[in-house]
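Let's take a friendly walk through this model. Have a look at it first, and then we will visit a pair of helices and a cavity.

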Amino acid sequence: MLRRLPPMSEERLLTPTNKVEDAAAYLLDADRAILFTADYFTPVVDDPYTYGQIAAANAFSDIYAMGGRPKLALNLMNFPTRKHRTLEMEQILQGGANKALEAGCLIVGGHTIDDNEPKYGMAVVGEVHPDRLIYKGTSNPGDLLYLTKPLGSGILVTAFKNDAIDAGGLQPVVDSMAALNAAASEAALQAGVSAGTDVTGFGLLGHLYEMCLGAELSAVLDEAALPYFEGVASLAERGYIPAGSKANWELVAEHTRCPSNWTEHFKFMAADAQTSGGLLLAVPPNRASRLENAFNDRKQWYARIGVMAEPPIGILIR
């Protein structure tokens with residue numbers, strides 16, 4: 001359907017609409033480009049304040065993924081305002097505001113629609129030097145792949161909603177989802193990564209496939225190196241799989257070769273739909289130690305999970 005829409009192009013637009021990127025980039029002058037993105041979603045946790053923090057961190061993530069810094073934001077909210085649940089609404093907005101302050105981003109307004117199902121997020125404007133933009137599809141064969149947050153948040157949130165784990169079991173995921181990707185982005189810029197994206201709704205495999213498509217390369221993932229939150233495997237095996245994770249696997253299945261002993265739940269784990277996940281970065285081998293040192297200097301968690309390889313386009317897990 002989107003292909004039938006009129007193309008949008010202009011010489012200052014650095015992200016043509018036929019290329020999939022995390023944010024739109026528009027050149028202002030030789031030293032500045034603006035980044036523009038929007039994201040919002042239904043609650044993934046019960047606490048309104050924490051939900052606001054997670055939604056804000058998630059919205060900022062597209063800016064960080066492209067090497068930028070968030071500068072301005074507008075709140076986007078659907079909320080049952082006519083039911084006078086104003087305290088919850090205020091707590092959500094407070095969570096978002098405090099996360100924006102942490103990011104050094106100004107919230108300058110927004111828009112609310114009356115809706116029985118709450119939804120919250122932001123439209124965000126960021127800034128980046130044009131020469132420091134990080135694109136998805138610019139990796140090269142041999143580039144090493146790094147991930148900056150563990151996987152499995154969708155499975156754990158689903159398990160929590162079905163009373164399979166308690167709030168304590170969910171807390172590591174909550175802390176991860178609420179964490180900004182600022183330090184990971186700074187490390188990526190310092191090391192000079194070749195490509196990157198953030199891992200959100202399409203999961204690791206979906207976003208990695210986008211990187212493969214853009215670069216016209218394959219990716220080889222190390223099964224043993226794929227990092228998951230504690231308890232994800234057992235919960236996935238018991239069937240606590242979000243619908244989005246199943247849909248993700250269906251989208252990438254024909255482009256993915258996985259170990260012959262993988263049962264269905266392993267596939268759903270690798271394709272698990274993430275909320276406010278980490279950055280997925282490709283770096284030349286001669287810069288890998290520089291990237292790891294930059295991570296360590298910032299106390300940024302990371303895992304090396306694979307390598308970009310020659311075509312055909314697709315993902316191999318071994």
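The model is predicted, so local features need pLDDT of at least 70 and side-chain atom pairs 80 or more, while totals for chains, interfaces and linings use all residues. Residues are numbered from 1 along each chain as its sequence is written, and side-chain values use heavy atoms, without hydrogens and water.

Helix α1 spans residues 48-65 and helix α2 residues 86-103; they pack at about 40°, with axes 7 Å apart. Helices here are DSSP runs (H or I, at least four residues), numbered from the N terminus. Their crossing is right-handed, meaning that the near helix is turned clockwise from the far one by less than a right angle. Among the residues that meet are Y49, F60 and Y64 in α1 and I92, K99 and A103 in α2, where contact means heavy atoms within 4.5 Å. The residues of this contact divide into ten nonpolar, seven polar and two charged.

Now for the cavity: the structure holds one of 30 Å³ or more. A cavity is a set of points on a 1 Å grid over the protein atoms alone where a 1.4 Å probe fits but cannot get out, and lining residues have an atom within 4 Å of a point. The largest cavity has a volume of about 40 Å³, and its lining includes K149, F229 and G277. Helix α4 (residues 167-178) gives the largest share of that lining, three residues.

Conventions. 1 Å grid on protein atoms, 1.4 Å probe; cavity = no way out; pocket = protein on both sides within 12 Å on 5 of 7 lines; lining within 4 Å. Points joined across faces, edges and corners; volume = space filled by probe spheres on them. Helix = DSSP H or I, 4+ residues; strand = E, 2+ residues; numbered from the N terminus. Axes fitted to C-alpha atoms, helices over the stretch in contact; angles between N-to-C directions. Nonpolar A, V, L, I, M, F, W, Y, C, P; charged D, E, K, R; others polar.
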